[in-house]
Amino acid sequence: GIVNESALLRLASAQRSEEISVLAGRSGNIARIADRRYLPDLYITRSRLSAAFHRFMQGKSQVFALLGDAGMGKTNFLCRTAEELGRESPVFFYQGVELGAGLSPALSRDLRGLVGSLPFEEAVQRMTRAVEDTRHSIFVFVDGLNECVTRRGTLREDLNYLIGLTAGTPWRFVVSCRNLDWEFWSRNDNNTLSRLGRPVFSDEDSPIGSGTAADAFDEAEYRNAWEKYKAAFKLHPELSPGMARLCHEPFMLRLVAEVYQGEKPLPDDIEPYALFERYLYEKFPSSVRHLAARRFLFWIGRQMLTHGVPYVHISDLSSNDLSIYHRMLDEKIIVCRRGWHIQFHFELFLEFVLAALTISSVAESASTDSRFAALLALADNGLGNRFGGLESVLLIWKDDAELVSKVLAALIQRGDQWKAVVCSIIRKLGDAAPNIGHVIAALAQDPNPVIRQFLAKSVHTHQRSRGIEMALEMMGNEHSWESRETAATIIGNSPTAFRP
């Protein structure tokens, strides 16, 4: 067929709309938002992220990487940005979970309507020529690289190939990924930056020194979100300080809105794990149904832990599970991909289940040693989501200072990904962090500069006064140059009021 920008725009628009419609859901029932990954009717503008993307658009970087914890609004930002950008430029949109065979085969399939059976590299050249006389680029969005759980190496290799193939052309890539998984995608096996990692637009607020950080709502975004959700769900007008802190996280606000809609009394405070339990009670209010749902979710979690993969094969279901399985599908707590992979709809749901399994494996009055053993057993598992699950449990048990210190000290012996987990936990513990100076001191002199940068961001964000104190201690000549560099980064990133 004829390949020009108009034809390319139409093709990309159809592909993108179909992909995003899956994330937005086909139901208009606003009261059920937790089963929809993209909420166009409740979208909250993220000013800092929009400004960072604008700078990316004005520059020459080939890749924009949005990095953050689960539930921070990465999917919503990518969907809205792709829709807005697609009004004038060709924008293709993909979900990482569907790209086990690679991105090139998916693009090749979607371009076939314009270029027929042309070899892929020649098809890319045709697309490039179609826009080279305009000021537009061709954009490829990939949401959730970390959600690719089968043949991850294949997708990483293919992304590097595509970045190299399109270098110096109008092709640009926009991806999202969890912080803890970005190291895998942005680096080669020898720890050097990969073709994907090198051309990434870097924002100064990124917690790991590259990409752009997707964090909780800032105050203006939170106020806007709360007013919008309060009106849509008839929420109780007042929030306690503890609930307000929780609702600064986009996904937690979504759960709160669905659980407490209709002016139900709001608690003064609730842990994310307990909020998920309440969510299950809302979905399965009868005790019999709730027990069946909990048993089924625990069974799925155990299967995933046993096999080390975040899905269960549908053939493993027993006939007794079919009723609750279909109810879980209806409520979008789980999804069935490709007709046989049963997965949790949201990664956070899986991590809450992993947390529940770990906590239930020890007695309520268990000793620190018993809890420590349970957490190390989870860390030893091959399931990728064990990182988030362990983080959830440790934050629940954060009042056990000896446990926190002991676990963090053990985890930093396990490699860079676990060191990144420890940095994330330090950031989330904030003022509740116990005496973990020995852990921070060890990470401050880590040979990997990415870990040192992540630590510096984590320490100064929520422990500024303590972070400055630690930084000053590390500035002495008796400390390594890595420690002094980390200390300087902590001080440099801190508000003027905290600088010596």
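**Close-up views of a predicted chain**

**View 1. Helix α18 and the glycine after it.** Helix α18 is followed by G430, whose phi is positive, near 55°. Helices are DSSP runs of H or I with at least four residues, strands are DSSP runs of E with at least two, and both are numbered from the N terminus. The model shown is predicted, and local features need pLDDT of at least 70, side-chain atom pairs count only at pLDDT 80 or more, while totals for chains, interfaces and linings use all residues. Residues are numbered from 1 along each chain as its sequence is written, and side-chain values use heavy atoms, with hydrogens and water left out. With 14 residues (416-429), α18 reaches 20 Å from its first C-alpha to its last, close to the 20 Å expected at 1.5 Å a residue, where the expected span is 1.5 Å times one less than the number of residues. Eleven of the 14 residues of α18 are buried, and the helix is mostly covered; here buried means under 20% relative accessible area, exposed means over 50%, and partly exposed lies in between, with a 1.4 Å probe and protein chains only.

View 2. Seven of the seven residues of strand β4 (residues 171-177) are buried, so the strand is largely enclosed by the rest of the structure. W171, F173, V175 and C177 point one way from β4, whereas R172, V174 and S176 point the other way, and all are buried. Strands of a sheet pair through backbone hydrogen bonds, either parallel or antiparallel. Two strands count as paired if DSSP finds at least two bridges between them. Strand β1 (residues 63-67) pairs with β4 in the parallel sense over five bridges, and the bridge partner of L67 in β4 is C177. Strand β3 (residues 138-143) also pairs with β4 in the parallel sense over five bridges, and here V140 has F173 of β4 as its bridge partner. From β3 the chain crosses through helix α6 (residues 152-166) to β4, and this β-α-β crossover is right-handed, a word used if, with the strands pointing away from the viewer, the path from the first strand over the helix to the second runs clockwise.

**View 3. T166 in helix α6.** T166 is found in helix α6. This residue is buried, with a relative accessible area of 0%. Not counting residues up to four places away in sequence, T166 touches Q62, V124, W171 and F173, where contact means heavy atoms within 4.5 Å.

View 4. β6 and strand β8 (residues 341-344) pair in the antiparallel sense over two bridges, and H313 has H341 of β8 as its bridge partner.

View 5. R55 lies in helix α2 (residues 47-58) and is partly exposed, with a relative accessible area of 41%. Leaving aside neighbours within four places in sequence, R55 is in contact with F201 and D203. R55 and F201 are 146 residues apart in sequence, yet their C-alpha atoms are 8.8 Å apart in space.

**View 6. Two loop residues with positive phi.** K234 is in the loop between α8 (219-233) and α9 (241-247), and its phi is near 50°, a positive value in a residue other than glycine. K234 is exposed, with a relative accessible area of 55%. E263 is in the loop between α10 (250-259) and α11 (272-283), and phi of E263 is near 60°, again positive in a residue other than glycine.
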